[in-house]
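Trainee: I have a new structure to look at. Could you walk me through the aromatic rings?
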Amino acid sequence: MNAIVGFSYLALQSAMSAGQRQYLEKIQSAAHTLLRVINDILDFSRIEAGKLEIERTPFRLDEVLDNLASLSVLRAEEKGLELLFDRDLQIPDALLGDPLRLGQVLLNLVSNAIKFTERGEITLSVRREPRDDPRAWLSFAVRDTGVGISQEDIRRLFQPFTQLDGSTTRRYGGSGLGLSIVRHLVELMEGRLSVESTPGQGSEFRFTLPFAVQDRERLRAWVPEPDLRGLRVMVVDDNPSARQLLGDMLASFTFQVCSSVNAEQAIERLQQAEQDGEPYQLVLMDWRLGGMDGLEAARRIKHGKILASVPAVILITAYGREELMNQAETAGLDGFLIKPVNPSVLFDTTIRTLGGEERERARISLEPVTRRERLQGEVLLVEDNRINQQVARELLENMGLSVRIAGDGRQALARLKAHRFDVVLMDIEMPEMDGYEATRRIRQMPGREHIPIIAMTAHAMTGEREKCLAAGMDDHVPKPIDPPGLYRTLRSRLKTVAGEFMADAATPDENAPLPEELPGVDLAWGLERVGGNRRLFRKLLSDFRDNHGDVLQQLRRDLDEGDLESARREVHILRGVAGNIGAHLLQRAASELEQDLKSEDSAPREPPRTFLDAYLQLFDGLRSLELDSPAPANTAPSVPTASRKAFLDRLEGQLHEGDSQALATLEKLRPILANPELDESLQELAQQIDDYDFDQAQGTLAQLKTRLTD
């Protein structure tokens, strides 16, 4: 069979008459049909002999579904059928099991559904069942709108060499072994195959299988950057099921979704939305629509001058014809998707499409009308990383807020007992006490039960947000911090006053020059995250170089000693801080390494090459950059020496509360002391405050006060 299939394929590549080509095409088609029958018989023989074994290998569920789609979509398209995949986004992609046999089962069921359906649709749904089991139990269902099966026929459906009636084999072909093999394979994989059907309405085949989740697997983050959340998206499809599936996926990406059944309705709604001051930023348009087709509608939207604010348009089709793709590109469309649409491909295509001008338009359309209003209130910032503390503190202060800092959950509880705050910004992963436990305890504190708590975490997944809310937090902002997004979140919970928000941060500092490019750092992105404050961004780069230059050495030491928790902690901190300065390559490499370090089975003995390359590229660039600014002249106003005790007491209180204004108080205290012998201690104290190490600073101040009284 290999020779027949192979040589007939090679012969078809050569020049020949039309009759010869027809003969060879029929030979090849018959050979493939016979090959499927032979494979069925061989599989059935191995099952009967107990020789067919189920493997347990790493695989990706999306790859199995993509392969299934590529093998099935053309046959469905030829019959005018809609093939839809409905995949639960909370199912991990990286699993352990037998992808070959899973794919074989799904291909058989989907092929049968296409074979016995003349019009309508075939839907494959995959859901995760809640069970008290570390394995993921996945429920698969294949539904069609075909001829259906009677209850009498269902009872003998899974018997080998059985067709439903004498005409079935002649009309549809097949060996009668497929469903019998599928049933045995499902049972070998610890599942059970069942069927429900109504003659004339269609059938549903269902089975549930357990799969181990790969140790390094984490759920895909389906949440876009803050400036893309809440975008208005329109889905245009005349098939209700396809429209619903696409709409549900896009809504889970945090978009606002509206659907239309045809092109004419879509254009009318786009125009009305623009008149109402709520334009759409993205349209997903099916190609085959009743009346005007999707390609013509897309041309009118993009070039018909019917809209002042033209949205991005992605064309969707059931089969990727090169001619259609070329027409879409010529028409100036922004993207192209092939059904059945994979959630991962849909998310990536949507985010990629909303880049450049489209993304900027979307960002502007989401700008709050009250952007110039400053916020009013006191914020407790709970964060253990000093660079993250500095970024958040300066952003918050530029919004008009008073900020106190706690280095972990325990310090946060102490600050809240001593002082009433208007809102708490809570990091999740911290030593001593994490953000979840701290939140639970705050909710039990008399008088603090209802204080707004906003989670800050680098885990930007939808599931992480739900986890934060379940722990008692009120909202969630992802790291790296997006200033407009943080402002919108805080503004809904705090008072505002007249004045320009972020005025200081947005003013360029000519004394803080930056290079045009820096290897490993997206300078424009990093500056955007600190509100355009060049002085602050230069300091972040300098602090990153000084505080994290030994991470690689420490990581190697931890790996040599087998201390995976310490290694994971180092990499977790590095990942978060790298994100704040726009070191995307290092951030991604650190994220992957952090996942590997969660299990001894996947933990490397040496830092991976991708991590090493990203780390060394970044620090080589930072070392070559002159980041240290000259020490500013001491311009603190003179203060009467009698006020020394008052300033010391104020400074002591600010250090105890983690008040970021402590450094300003110290600068006013310096000329009062005017003692060269204290310069070293004062410099050490200033450095500790600048690093937000308030516990150490309290100790240094106590020693300083002792020296002053001696």
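Mentor: Keep in mind that this is a predicted model. Start with phenylalanine 140, which counts as buried because its relative accessibility is 0%.

Trainee: How many aromatic pairs does the structure hold?

Mentor: There are 7 aromatic pairs. In one of them, phenylalanine 140 and phenylalanine 207 have ring centres 5.1 Å apart and planes at 15 degrees, so the pair is stacked.

Trainee: Where do phenylalanine 140 and phenylalanine 207 lie?

Mentor: Phenylalanine 140 is in strand β5 (residues 136–144) and phenylalanine 207 is in strand β7 (residues 202–213), so the pair ties together parts 67 residues apart in sequence.

Trainee: And phenylalanine 207, buried or exposed?

Mentor: Buried, with a relative accessible area of 1%.

Trainee: What kind of pair do phenylalanine 253 and phenylalanine 347 form?

Mentor: An edge-to-face pair, at 5.0 Å centre to centre with 80 degrees between the planes. Phenylalanine 253 lies in the loop between α8 (240–252) and β9 (256–260), and phenylalanine 347 lies in helix α12 (residues 343–353), so parts 94 residues apart in sequence are tied together. Phenylalanine 253 is buried at 0% relative accessible area, and phenylalanine 347 is buried at 8%.

Trainee: Which residues do ring pairs link into a cluster?

Mentor: Phe544, Phe611, Tyr615 and Phe619.

Trainee: Switching to charges, which ring does the charged end of arginine 232 sit over?

Mentor: The ring of tyrosine 280, 4.3 Å from its centre. Arginine 131 lies over the face of tryptophan 137, at 3.9 Å from the ring centre.

Methods: Residues numbered from 1 in each chain as written. Predicted model: local features only at pLDDT ≥ 70, side-chain atom pairs only at ≥ 80, totals over all residues. Heavy atoms only, no water. Phe/Tyr/Trp six-rings, centres within 6.5 Å; stacked < 30°, edge-to-face > 60°. Helix = DSSP H or I, 4+ residues; strand = E, 2+ residues; numbered from the N terminus. Buried < 20%, exposed > 50% of the residue type's maximum accessible area, 1.4 Å probe, protein only. Lys NZ or Arg CZ within 6 Å of the ring centre and 35° of its normal.
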